[in-house]
Amino acid sequence: MNKDIAAVYMLWLRAMKRFIRSPSQIIGSVAMPFLFLIFLSAGFSSVKFPGMPSNVNYIDFLVPGILGMSMLFAATTAGISLLWDRQFGFLKEVMVAPVKRISIMLGRTFGGITTAFLQSVLLVIFAIFIGFHIGSILSLLIAFGFMILIGLAFVSIGLIIASIMTDMQGFGLILNLLIFPLFFLSGAIYPINVLPNVVRYITYINPLTYGIDGMRGAFLHASIFPIWFDALVLGIVALILISIGALAFSKAKITI
Amino acid sequence: MEYSIKVSNLVKKYGSFIAVDGISFEVKKGEIFGFLGPNGAGKTTTVHTLTTIIEKTSGDAFVAGYDVSKYKEQVRDRIGIVFQDPSLDDRLTGYENLDFHAMVYGLAKGEREERISELLDMVELKDKANLLISKYSGGMRRRLEIARGLLNRPEVLFLDEPTIGLDVQTRRHILDYVKSLKEKYNMTVLITTHYIEEADYICDRVAIIDKGKIVVCDTPKNLKKGLEGDVIIAKLHNKDNAMKLANKINKEHIAKSTKISNNILYTYVKDASSILPKFMNIASKEGISIENIEMRNPSLEDVFIHYTGKSIRDEEGSGNESMREIVMRRMR
């Protein structure tokens, strides 16, 4: 087997094995979005947001947002987990293998996306039980596509951060100052047109906005932008982020 | 003569700090070469440079015939490394750690199974293969890391403090593996250590490294021979006493040389049994009381003191390194 392909496969397989072996982590990472889903829908289902299509239930509106959140959190965390590997020495072991760094980066990226995706699929299943309507299989597949694109973008962001950061002290800071704002400024919980103009423009530069909007287009047939436009923007952003991620990773320090 | 490692004028700087200060050495094929020095002497930095983990500042370094800066992949393909710090994934089993490593080195499935089984046998971990690493003891992890370093049948094996933090028995066990490897595969081994008896036990040649420089490099036997005669080791109350006594002894010309390390005076003499009475006389005349005295043939420890002017143990326990070690192991 080609060493580089083997490295990508190995890192992906490693991510899968670690994922399956930590049920507490799976529960933990699915539980938070799930609680958001339950409590937000319990409280907001009777609220009428201006700009929300009148024939749409709040829960159907919220689920794409929560799926976006789940992908955002899981993918960024997966990217940043590079820090742990550096701390615990496993990164050295991988980096001195006779393979290109880009293969290592791709392996990590695919592993991160897959774990984030599996968690989000669990979330879809739970959501069905509390009244979410999937619509057609096609809708679901399109939404999966958007989830993967969101995953690509944010695993890359996580990798970029972990490549630049040298210790784990700043991890909580990033969580609070990057991930939460990205979540709240994506239209995940309410339609972005209720926001003041300035804030609304900020949501337009958030890639997550397009991911969530695209999923709403797939599930509800009610989106701000056409689905193809959402896919295009998110796809381009993801590509740019992967490229920056590859560059940052190629310069990343191996040891602490 | 075929060389597995060839280094000339290697320099590594971190800002203004010079970690490796122009070292040169060669390691012959099939040789076990030791780097002996205290923590922070530049051993690990040198190993990291030779294993392509960090970029050198200047100088030349060839491993297995390839320039380590220009042909990283070729070098990586031909070496095995056991790092000083743990580097296993503890949410995987022992077998998986080895299997993943072998995959990345391009081994086919059948070959992987065969080699893993052979190496697990060698490090006596076959019955623990399917246990998660988090359940392994420190010694077991070390042995597994050594097995992992050998999976690709490296031409050169780098062992960076392979026995640190292990008990004496496990330590000896690991050193014996390394010795047997050399016999079995004619593998070149570069081992760093700050345990003198270890270097003495296993190495064909030893380089004593201190403050980023190689102070001396030879076989343990020759190094000890350089200090022909005996050494009288006297423990005194304090350093001042040691210095006073050393002065007197030098004046009387009964010793070849003296060295002081804290409150211990090392006196190198031709024949300790005839010098010792004189030595004691001088001490009592000066009114310096001796807490403890012993005489013996010079050990590698004495060689170290002779060349660096300090005992290797002075450097121990002071560093953050040991602290970090403990923290890291706890966090796992």
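**Exercise 1. In what order do the four strands of the open sheet of chain B lie, and is their pairing parallel or antiparallel?**

Keep in mind as you work that this is a predicted model.

*Step 1.* Read across the sheet of chain B: the strand order is 2-1-4-5, and the pairing is antiparallel.

*Step 2.* Now look at the ends of that order. Strand 2 (17-28) and strand 5 (66-67) of chain B are edge strands with a single partner strand each, so each has one side without a neighbour in the sheet.

*Step 3.* Find what packs on the sheet. Helix 1 (residues 43-50) of chain B does, and it touches strand 1 (3-14), strand 2 and strand 4 of chain B. The direction of this helix makes about 115 degrees with that of strand 1 of chain B.

*Step 4.* Strand 4 (residues 58-63) and strand 5 of chain B run antiparallel and are joined by two bridges. In strand 5 of chain B, Y66(B) is the bridge partner of V63(B).

**Exercise 2. Describe the side of chain B that touches chain A.**

*Step 1.* Start with the counts: 22 residues of chain B are in contact with 21 residues of chain A.

*Step 2.* Ask which helices take part. Helix 2 (72-78) and helix 3 (94-104) of chain B each supply at least two residues, and helix 3 of chain B gives the most, with four.

*Step 3.* Sort the residues on this side of chain B by type: ten are nonpolar, four polar and eight charged.

**Exercise 3. How do helix 1 of chain A and helix 3 of chain B lie relative to each other?**

*Step 1.* Helix 1 (residues 3-20) of chain A packs against helix 3 of chain B at an angle of about 155 degrees, and their axes are 8 Å apart.

*Step 2.* Angles over 145 degrees count as roughly antiparallel, so these two helices, helix 1 of chain A and helix 3 of chain B, are roughly antiparallel to each other.

*Step 3.* Pick out the residues in contact. Among them are M10(A) and R14(A) of helix 1 of chain A, and E96(B) and F100(B) of helix 3 of chain B. The contact has six nonpolar, no polar and four charged residues.

**Exercise 4. Work out how helix 7 and helix 11 of chain A pack.**

*Step 1.* The axes of helix 7 (residues 137-164) and helix 11 of chain A come within 8 Å and cross at roughly 25 degrees.

*Step 2.* Helix 7 and helix 11 of chain A are therefore roughly parallel to each other, and helix 7 passes helix 11 in a left-handed crossing.

*Step 3.* The contact residues include F146(A) of helix 7 and L241(A) of helix 11 of chain A. By type, this contact between helix 7 and helix 11 of chain A has 18 nonpolar, four polar and no charged residues.

Note on methods: Residues are numbered from 1 along each chain as its sequence is written. Chains are lettered from A and ligands numbered from 1 in the order in which they are written. This is a predicted model: local features need pLDDT of at least 70, side-chain atom pairs count only at pLDDT 80 or more; totals for chains, interfaces and linings use all residues. Two strands pair if DSSP finds at least two bridges between them. Two residues are in contact if their C-beta atoms, placed from the backbone, lie within 7 Å. Axes are lines fitted to C-alpha atoms, for helices over the stretch in contact, and angles run from 0 to 180 degrees between N-to-C directions. Ala, Val, Leu, Ile, Met, Phe, Trp, Tyr, Cys and Pro count as nonpolar, Asp, Glu, Lys and Arg as charged, and the others, Gly among them, as polar. Angles under 35 degrees count as roughly parallel, over 145 as roughly antiparallel, 65 to 115 as roughly perpendicular and the rest as oblique. A crossing is left-handed if the near helix is turned anticlockwise from the far one by less than a right angle, and right-handed if clockwise.
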